[in-house]
Amino acid sequence: SQTSKIMLWEDLESCKPLCDLYTFTAPRLFMMGDSIMTDWDNDILYAQPRYPQGGWGTSFKTKFISAFTVYNEAVSGFTAEYSYTNVWSSNNYYKNRIPGKEPVRDEVKAGDYVIISFIHNDFSIANKNSDAEYINTYKSYLKSFIDDCRAIGAHPILIVPPNRGETYNFHVNETVGDFSAVIPALAQEENVPYVDVHQWTMDET
């Protein structure tokens with residue numbers, strides 16, 4: 001984790017300190033999501049061949065260099081269920097790629113922040129399989145992330161991902177149907193902060 005030091009001075013001429021040197025550890029932020037969030041240069045499964053195309057998590061990290069230590073654990077093509085079972089609660093995805101890497105849940109500590117942002121792959125599976133009940137699976141795994149964070153003492157944050165639209169025109173097409181309402185409702189039920197980036201990209205002109 002990132003360690004920073006702060007010294008408060010009475011004035012620059014005398015250089016007399018107002019207090020002793022204070023050392024603090026920057027809070028950590030973990031990001032769980034799919035290709036829309038992932039670091040495309042590191043995503044071996046799908047995105048790396050398409051680099052420098054990238055997810056929003058890549059640029060997001062640069063905004064918090066001094067404030068947070070950020071770990072982008074998003075993987076292209078993953079649903080909330082697959083991320084929970086293969087990256088968050090086990091190391092199935094990483095065991096042959098990064099030997100010794102622990103499941104993300106084992107790395108998260110009390111006081112850390114966890115951004116959870118899935119929707120497009122979940123909706124695609126439900127739509128492809130004509131499975132009207134998969135929306136409940138999607139919600140249950142989002143809740144599992146929340147429950148685990150709270151058990152650890154970490155702070156979960158839900159984000160409804162951007163709308164994909166068609167050919168990158170975010171305003172053309174609503175792509176996730178009823179799934180767009182799941183995170184706002186769950187956030188209210190669980191008293192968890194959330195950001196509806198999906199609706200913002202639909203409305204923004």
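Trainee: Where is Ser130 found?
Mentor: Keep in mind that this is a predicted model. Ser130 is in the loop between α4 (120–128) and α5 (134–152). Its phi is near 50 degrees, a positive value in a residue other than glycine.
Trainee: Is Ser130 buried or exposed?
Mentor: Exposed. Ser130 has a relative accessible area of 68%, and the cut-off for exposed is over 50%.
Trainee: And what is the phi of Asn191?
Mentor: Near 55 degrees, again positive in a residue other than glycine. Asn191 sits in the loop between α6 (182–190) and β7 (194–196). It counts as exposed, at 68% relative accessibility.
Trainee: New topic. How many salt bridges are there in the whole structure?
Mentor: Seven. In one of them, the side chains of Arg28 and Asp112 meet at 2.7 Å, N to O.
Trainee: What does that pair tie together?
Mentor: Arg28 is in strand β3 and Asp112 is in the loop between α3 and β5, so the pair ties together parts 84 residues apart in sequence.
Trainee: Is Asp112 buried or exposed?
Mentor: Buried, at 5% relative accessibility. Arg28 counts as buried too, at 15%.
Trainee: Which residue does Asp148 pair with?
Mentor: Arg105, with the closest N and O atoms 3.0 Å apart. Asp148 lies in helix α5 and Arg105 in helix α3, so this bridge ties together parts 43 residues apart in sequence.
Trainee: Where do Asp147 and Lys143 lie?
Mentor: Both are in helix α5, four residues apart, about one turn of the helix.
Trainee: Which residues are linked in a network of salt bridges?
Mentor: Glu73, Lys101 and Glu107.

Conventions:
Residues numbered from 1 in each chain as written. Predicted model: local features only at pLDDT ≥ 70, side-chain atom pairs only at ≥ 80, totals over all residues. Heavy atoms only, no water. Helix = DSSP H or I, 4+ residues; strand = E, 2+ residues; numbered from the N terminus. Buried < 20%, exposed > 50% of the residue type's maximum accessible area, 1.4 Å probe, protein only. Salt bridge = Lys/Arg side-chain N within 4 Å of Asp/Glu carboxyl O.
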